[in-house]
Amino acid sequence: MRAFEALTSTLSGMGARGWNLAELEDHLRTDGSKVSMLQDHLDLRALREEVQACTRADLEPVGGIGAWR
């Protein structure tokens, strides 16, 4: 969450207002990747939770991910 807050703070700050597109892209490539990695981590955790739910005896898959009964 800190990575997202830091990125939001930087982009809304006075310094970023003067950046041209190339400078903005450079910043997003470095600091934005932290936010992307955080989202990837959260997605992986969600997938693992669904797989764990599948291993419960009272559940069986009925379709794709997220389709359990």
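Predicted model: local features only at pLDDT ≥ 70, side-chain atom pairs only at ≥ 80, totals over all residues.
Before anything else, a contact here means heavy atoms within 4.5 Å, and helices (H or I, at least four residues) and strands (E, at least two) are DSSP runs, numbered from the N terminus. Hello everyone, and thanks for coming. Residues are numbered from 1 along each chain as its sequence is written, and side-chain values use heavy atoms, with hydrogens and water left out.

Let's start with the overall picture. The protein chain has 3 helices and 0 strands, giving the pattern α-α-α along the sequence. Of its 69 residues, 7% are buried; buried means under 20% relative accessible area, exposed over 50%, and partly exposed in between, with a 1.4 Å probe and protein chains only. As for contacts between residues at least 6 apart in sequence, 21% join residues at least 24 apart.

Now to helix H3, which takes in residues 21–54. How far apart are the end C-alpha atoms of H3? They are 46 Å apart, which agrees with the 50 Å that its 34 residues should span at 1.5 Å a residue; the expected span is 1.5 Å times one less than the number of residues. At glycine 32, H3 bends by about 40°, the bend being the angle between axes fitted to the seven residues ending there and the seven starting there.

Which residues of H3 are buried? They are His27, Gly32 and Val35, and their cover includes helix H1 (2–12). Histidine 27 counts as buried because its relative accessibility is 15%. Leaving aside residues up to four places away in sequence, histidine 27 touches Leu7, Thr10, Leu11, Trp19 and Gly32.

Serine 33 also lies in H3 and is partly exposed, at 28% relative accessibility. The C-alpha atoms of serine 33 and alanine 3 are 9.3 Å apart, although 30 residues separate the two along the chain.

On to charges. A search of the whole structure turns up 1 salt bridge, meaning a side-chain nitrogen of Lys or Arg within 4 Å of a carboxyl oxygen of Asp or Glu. Aspartate 26 and arginine 29 make this kind of pairing through their side chains, at 2.7 Å from N to O. The two are 3 residues apart in helix H3, so about one helical turn separates them. An α-helix has 3.6 residues a turn, so residues three or four places apart point the same way. Aspartate 26 is partly exposed at 43%, while arginine 29 counts as exposed at 55%.

Last stop, the surface. Leu44, Leu47 and Val51 form a nonpolar patch with about 230 Å² of accessible area together. Patches are made of residues with over 30% relative accessible area and no salt bridge, joining like charges within 9 Å and nonpolar side chains (Val, Leu, Ile, Met, Phe, Trp, Tyr) within 5 Å. Leucine 44 itself is partly exposed, with a relative accessible area of 37%.

Technical notes:
Areas by Shrake-Rupley, 256 points an atom, 1.4 Å probe, with all protein chains shown as cover.
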